[in-house]
Amino acid sequence: MSGGPAEPAEAPAAPRMLASVPWVVVVLGVGLIVGLLVIALFSLRGQERQPVPAPAPPMYLPTLGVDAPTSAPPTVGATGTPTGSATPSPSATASPSTGASRSATPRPSASTRAVAQGAVTARYEATASDRDGFEARLTVVNGSGGGQGWEVELLFTGNVKTIEASSPSGVSVSTQGSGVFVLRGTNPLPAGQTATVRMRFGRTGTGDQPGQCTVNGADCVIG
């Protein structure tokens with residue numbers, strides 16, 4: 001036997017293994033928790049990706065009064081046999097009554113009545129025009145059976161200011177407001193005779209025809 005110191009004996013392996021077991025349990029627990037979290041995350045994403053179901057079609061409930069109304073049966077008056085009310089009355093015949101014919105007949109104008117009665121007629125015609133005025137001719141005809149006096153009224157716009165008139169049979173002129181001129185024969189016009197009046201108008205602007213011309217209240221011809 002040697003006299004040196006004895007070597008210490010090695011520790012058994014079992015206590016070292018038991019000392020490392022808690023760390024293995026911790027690692028396994030953490031792995032299990034991570035796996036559960038991953039599974040839960042994928043399950044939530046799968047639910048979000050599910051398509052939304054289409055809405056159900058609307059339901060229409062039947063309403064009252066939808067059916068088309070049935071036509072009423074024809075009355076006795078609408079049948080082939082004419083009733084007493086459908087018979088035309090004598091007033092509805094083709095021959096118009098006296099009152100209807102009077103209302104349908106158009107009333108003649110003043111100038112038409114004057115020609116029909118052979119009264120005095122007149123015609124206005126522009127004969128010349130320049131920058132300061134224009135000239136015109138007035139022809140008065142007595143179509144009646146006796147001598148007639150005549151009066152012609154000419155209505156111009158406000159741009160016609162003055163008038164000068166002359167006639168072999170005699171004429172007088174008066175002004176009634178702006179652009180209104182009245183010409184009268186100084187002597188009665190014999191039956192079937194004509195009086196010619198020559199006129200010279202002063203104006204500012206343009207225009208050589210009156211807006212209105214009357215002879216003894218009836219329209220005269222312009223142009």
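User: Is Asp130 buried, partly exposed or exposed in this structure?
Analyst: In this predicted model, Asp130 has a relative accessibility of 37%. Buried residues fall under 20% and exposed ones over 50%. Asp130 therefore counts as partly exposed.

User: Which side chain meets that of Asp130 in a salt bridge, and in which strand does this partner lie?
Analyst: The side chains of Asp130 and Arg200 meet at 3.0 Å, N to O. Asp130 belongs to the loop between strand 1 and strand 2, so the pair ties together parts that are 70 residues apart in sequence. The partner is Arg200, which lies in strand 7.

User: How many residues apart are Arg200 and Glu135, whose side chains also meet in a salt bridge?
Analyst: The side chains of Arg200 and Glu135 meet at 4.0 Å, N to O. This pair links strand 7, which holds Arg200, with strand 2, which holds Glu135. Their separation is 65 residues.

User: How many bridges join strand 2 to strand 7?
Analyst: Strand 2 covers residues 133-142 and strand 7 covers residues 194-203. Leu138 stands opposite Val197 in strand 7. The two strands run antiparallel, and the number of bridges is 9.

User: Which strands stand at the edges of the sheet?
Analyst: The open sheet has 5 strands in the order 4-7-2-1-10, with mixed pairing. Each edge strand has a single partner strand, so one side of each is left without a neighbour in the sheet. The edge strands are strand 4 (160-166) and strand 10 (221-222).

User: Over which residues does pLDDT stay under 50?
Analyst: The mean pLDDT of the protein is 75, and 59% of its residues reach 70 or more. The model has 13 contacts beyond four places in sequence for the stretch under 50, which is residues 74-116.

Key:
Residues numbered from 1 in each chain as written. Predicted model: local features only at pLDDT ≥ 70, side-chain atom pairs only at ≥ 80, totals over all residues. Heavy atoms only, no water. pLDDT = per-residue confidence, 0-100. Contact = heavy atoms within 4.5 Å. Pairing = 2+ DSSP bridges. Helix = DSSP H or I, 4+ residues; strand = E, 2+ residues; numbered from the N terminus. Buried < 20%, exposed > 50% of the residue type's maximum accessible area, 1.4 Å probe, protein only.
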